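Here are my notes for you, as numbered points. Have a look at the picture first, then read along.

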Amino acid sequence: MTARLPVFPLGTVLFPGLVLPLHIFEERYRALVRHLVALPEDAPREFGVVAIQAGWEVAPTGPGGRPLPGAGDVTLHEVGCTAELRQVTELADGGFDIVTVGRRRFRIAEVDRRSAPYLTAEVEWLPEPGGTDETAELLAARVISVFRQYLGLIRPDPQDITEQLPEDPTVLSHLVAAAAALTVDDRQRLLAIDDTAARLRAELRLLNREAALLRQVRAVPVPLAELASPPTPN
């Protein structure tokens with residue numbers, strides 16, 4: 001089954017069930033929000049979020065703020081996730097602050113760059129597992145254990161590790177993929193996996209890899225702003 005969706009290219013990966021707030025300032029995406037808000041009450045207000053493979057989130061502009069011809073072209077990854085519009089705040093400058101929640105995964109069949117101010121795409125919905133999967137449940141318990149150890153390595157205060165992680169294996173797999181400090185490519189590969197057990201296995205490998213690196217260097221990444229700050233005098 002296919003559908004046509006507005007598409008929002010981003011430098012990040014959205015997963016089902018995860019919250020994604022966005023500040024909308026480009027005119028083409030303002031038009032997208034206005035289109036969604038104008039839909040009938042019973043219509044799904046959702047658009048596709050797809051990670052950028054090459055290119056930029058914001059189209060480069062020339063004199064007067066006009067987009068440069070062809071400069072906003074991006075190459076997208078094949079698999080994305082819809083974002084359901086939950087909250088819209090219109091700003092004085094005509095922009096919007098919106099809150100969305102990831103809903104369902106899809107694969108892009110064809111991108112249309114001409115029929116609207118923003119990208120649209122013909123997409124195929126990807127299957128989501130249902131029912132009980134004993135293998136996934138066993139893997140979920142292992143992922144929870146390793147993920148808590150990983151959090152202990154990246155957080156200075158062990159008492160901060162108080163999250164109630166979801167028991168549902170599929171929900172857990174999406175949360176861990178979004179919350180771990182992974183590259184966009186790593187997250188994209190996880191999003192594209194259809195089977196929950198396979199996604200959890202992949203996350204175990206990634207978490208063990210990241211934990212081993214953290215133990216080896218015995219250092220936690222710090223914000224660039226802190227690196228740029230002058231040392232405090234003794």
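1. Let's begin with the record: which residues does UniProt list for "coiled-coil region"? The unreviewed entry gives residues 190-217. Keep in mind that what you're looking at is a predicted model. In this model, that span is 89% helix and 0% strand, and its end C-alpha atoms are 26 Å apart.

2. Now for the aromatic rings. Searching the whole structure turns up four aromatic pairs. One of them is Phe 8 with Tyr 29, a stacked pair with 4.1 Å from centre to centre and 10 degrees between the planes. Phe 8 belongs to strand β1 (residues 2-10) and Tyr 29 to helix α1 (residues 27-37), so this pair links distant parts of the chain, 21 residues apart.

3. Are Phe 8 and Tyr 29 buried or exposed? Both are buried. Ring pairs also bring in Phe 47, giving a cluster of Phe 8, Tyr 29 and Phe 47.

4. Next, look at Phe 106 and Trp 125. Their pair is edge-to-face, with centres 6.4 Å apart and 85 degrees between the planes. Phe 106 sits in strand β6 (residues 96-112) and Trp 125 in strand β7 (residues 119-125), so the pair ties together parts that are 19 residues apart in sequence. Phe 106 counts as buried because its relative accessibility is 0%, and the cut-off for buried is under 20%.

5. Stay with Trp 125 for one last thing. What sits over the ring of Trp 125? That's the charged end of Arg 104, 3.7 Å from the ring's centre.

Notes:
Residues numbered from 1 in each chain as written. Predicted model: local features only at pLDDT ≥ 70, side-chain atom pairs only at ≥ 80, totals over all residues. Heavy atoms only, no water. Phe/Tyr/Trp six-rings, centres within 6.5 Å; stacked < 30°, edge-to-face > 60°. Helix = DSSP H or I, 4+ residues; strand = E, 2+ residues; numbered from the N terminus. Buried < 20%, exposed > 50% of the residue type's maximum accessible area, 1.4 Å probe, protein only. Lys NZ or Arg CZ within 6 Å of the ring centre and 35° of its normal. UniProt positions renumbered as here; feature names shortened; annotations may be inferred.
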